[in-house]
Each structure stands twice: as structure tokens, then as C-alpha cells.
Amino acid sequence: ASAVKRMASGGRRLAVMFALCGLAFSHRPLLSQGFGDVDAAVRQGIRKGLYPGAVVVIGHRDTVLYARGYGHLTWSGGSARPDPDSTLWDLASITKVVGTASAVLRLVDSGVVALDAPVARYLPRFAGGAKDLVTVRMLLDHTSGLPPYVPFYRSAHSPGAVVDRLYGEPLERAPGDSAAYSDLNAMLLGLLLEQVTAKPLDQVVQAEVLDPLGLDRTLYCPPARLRKWIAPSGRYRGRPVRGEVNDQNAARFGGVAGHAGLFSTGADLARFAQVWLRQGMGPRGRWVRGETMRAFLTPGTSSGTRLLGWDSPTRDAPPDDPSVFGTLVSPSAYGHTGWTGTELWIDPARDMFVVFLTNRSYDPRTRRSIDKLRVLRGQLSDAAFRSMPRCCGAQLPP
């Protein structure tokens, strides 16, 4: 409840901003020239029933080349068309990189948090046995040994109860041995941020990420007045659910958690991606040092494709399990996806980013929609690359 109250004032500011025209993307990109394959891929997802609506934003470090909304916010043709500037999407696990890992990045950059320090230094309750060996870095690159997922919400009915269960969860593997993607890592990082700053997580993310980067349309717990701008991410008793985090563990945290909870627009994610392409240079000057950012983008010896917070392309992905990055990205690319149907990836070698936001989790009209979306994500990624030469004279990657 306190988190919702804190965000209400921000919601009023957002409502005013959303009512104004032209605040974002003042240099509105072309909507048709050269991006027909991208359009075709996104519309194919709608036709197949994967999601009712989507937005795509594609650009370089200092330029937005393409931004478009598709379909509708629900399967009703009378509902609003998604807009890259104003439609808010439940980011799901992209919260891990936009919010949690980026806040940790800032605290590492300032010397407040050490990557190779044991987590127990900051969270004394996370201790005992092999847990003493788990470092902050291991939480970020998913080599901590924690299980991939635990449905805490089924037995824990308050934030405090979830935290108790989280601290009590045993490791499944030796710390540092191998990577296994886990929501629990990001949950603990959220608690760590609160502990070292003595502030609630939403305030930490606001101060360390959203404010300095000018992400004015990114927030936790959007208030009711913003619902008409929110793409529903679920259904309850036949009605669209807007503005409530889809992840039930995050809901138990009150909507503000390390692994999920942020809502944002395509335009804001584009700005976020551009800061990473500029190696930490934000709109108000340097946000973090380039060397710190490079450390977060360097894989460990046992982390596989996992970087610090981010994921990177799988080399030689088999045909039956294609990479969401497609086949044309460079080895230096990195990104993240979300269960609700969201995706962000960045390729510094090509000076390119792609934002692809859908509400797949709202009411998919096909079975195994998450698997089918994975294939489509790869197709869209390749279409974006192939569109670049026709759009702006770029060279197609080898």
C-alpha cells in the first residue's frame, strides 16, 4: 500500500505528460520505408493469436529509426491501438535489468557495493553453509545455485512471509559452478538494494535509474488514473487486468520486487537502450563509468550466456530451439525478455537496439504461445537487421 501511495504522485505527473502531444520522439521516425519485414513479423503474431497488440522501436545510440504500434490493447477492435510513446506495458522480467541490475550497477560504480563480496555482507540472513560462498556477482549472473523458481505466493501471504521463505530456500547447486536462470537471485538483489540504501526498492530505482536517465514513464504500481494507457497483461473473471503486476510472487511483495513489477513504454526502453549503447552516458551527463558497464557485460567462466543481469545470444542455436536474438546479431549483443511478452536487446557492434513489447499473457488464442513467441522474436530480430540497409545504408551483418 505504501508503494502505491508513493507512486501516486508520480502517476499524476505521468497523466499530465501523457495528455501532452509530442513530448517523446519529437523527431518522429518513418513508419513505412524499409521496415515491411518487421511489420509482417509483428502482424503474423497477431494473426496467429499470440497477442492482441504490440509496439516496436528500433534505433541507434543517438537516433530512433522506427517506432510503431500494432493491433489493439485487447482482442476487441474497439479498444485502443498501442502507442510507442504512451502505452504502458508490464515489463515482467525486464524489470531485472531496467530496475534491479541497473541500480546495482550504479552502486557498484560508486563503490557502495562490491561485485565479489559475499551476499551475507549485505544480507546477514542469507548465510550458513554454501550460502556463505554466494557473491553479488553470482546473483547477477545466475550462478548462485538457487532454484529457478519457487511459487512463494501459494503459502506466503505477506511481503514479510515471502522474505522469510526466500531466505530459507536451500541451494540446489554449488555456488559458481553453473548458471541457471532464477527469479530468486533478483529478489535477493532487491532486498540488498534496500538494505544498503535504507530505502524502499522503488525509491532506490527511482533515484539511481529512472530520474538520472529521464525515464519519466517507467514506474511500479501505476495508479488507477493511468489504466487507460496500460496494456492488460491478464484476465480475471473475463475482464482485462490493467496495472497489476502479472507475476504473483511480485504481487505478494506489493507490486515492487527485484524480479518483476516495472511498467514502461517503448519510448522509455529505447532511451534506456541508448544509454547502454553510449557506454553509460545519460541525458544529464555520465550515468556510470564505461569500465563498470563493460564489467557487467563480461561473461564469467561458468555463466554460459549469462552476463551480469543480461543474457546474450546462444551460439549455433538448434532449429527446434531458436535464439530470441535471431541469427544476425553480433557476439557482443545482449538483452532480456519477459513472461508477459516483452523483449529488449542491444547490439553495440552494430550500434542498434530493438524494443518489442506485447501483452502475450493477456489472453493468447493459441496453445504454447510463449514457445511460438520465442520463434517469432527471432524472426523479428532478423527482419530488423535486414531492414537496416534499406532504411539507412547500414551494412548487413555477416
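Predicted model: local features only at pLDDT ≥ 70, side-chain atom pairs only at ≥ 80, totals over all residues.
Student: Let's begin with the overview. How many helices and strands are in the protein chain?

Tutor: Happy to! The protein chain has 12 helices and 12 strands. Of its 398 residues, 57% count as buried. Among contacts with a separation of 6 or more, 69% join residues 24 or more positions apart.

Student: Next, the helices. What are the distance and crossing angle for the axes of α6 and α7?

Tutor: Here is the general idea: two packed helices are described by the angle between their axes and the distance between the axes. In this model, helix α6 (residues 159–168) and helix α7 (residues 183–197) have axes that come within 11 Å and cross at roughly 115°. The crossing of α6 and α7 is left-handed.

Student: Which residues make the contact?

Tutor: From α6 they are V163, L166 and Y167, and from α7 they are L184, M187, L188 and L191. Sorted by class, this contact of α6 with α7 has seven nonpolar residues, no polar ones and no charged ones.

Student: Now the sheet. What is the strand order in the open sheet of five strands?

Tutor: Reading across, the order is β2-β1-β12-β11-β10, and the pairing is antiparallel. At the edges are β2 (64–71) and β10 (334–338), each of which pairs on one side only. Neighbouring strands of this sheet are turned against each other by 5° on average, direction ignored.

Student: Could we zoom in on one pair? How many bridges join β10 and β11?

Tutor: Five bridges, in the antiparallel sense, pair β10 with strand β11 (residues 342–347). To find your place on screen, look for G335, which stands opposite W345 in β11.

Student: Which helices lie on this sheet?

Tutor: Take α2 (residues 36–47): it packs on the sheet and touches β1 (53–59), β2 and β12 (352–358). The direction of α2 makes about 25° with that of β2. Then there is helix α10 (residues 266–277), which lies across β1, β2, β10, β11 and β12 and runs at about 155° to β12.

Student: What does W276 touch, leaving out residues up to four places away in sequence?

Tutor: W276 touches S102, L105, W287, M293, L297, W310, Y334 and I346.

Student: Last one, backbone angles. Are A92 and R368 buried or exposed?

Tutor: Look at each in turn. A92 has a positive phi of about 55° although it is not a glycine, and it is found in the loop between β3 (89–90) and α3. A92 has a relative accessible area of 8%, so it counts as buried. R368, also not a glycine, has a positive phi near 55° and lies in the loop between β12 and α12 (369–392). R368 counts as exposed because its relative accessibility is 61%.

Notes. Residues numbered from 1 in each chain as written. Heavy atoms only, no water. Axes fitted to C-alpha atoms, helices over the stretch in contact; angles between N-to-C directions. Helix = DSSP H or I, 4+ residues; strand = E, 2+ residues; numbered from the N terminus. Left-handed = near helix turned anticlockwise from the far one by under 90°. Contact = heavy atoms within 4.5 Å. Nonpolar A, V, L, I, M, F, W, Y, C, P; charged D, E, K, R; others polar. Pairing = 2+ DSSP bridges. Buried < 20%, exposed > 50% of the residue type's maximum accessible area, 1.4 Å probe, protein only.
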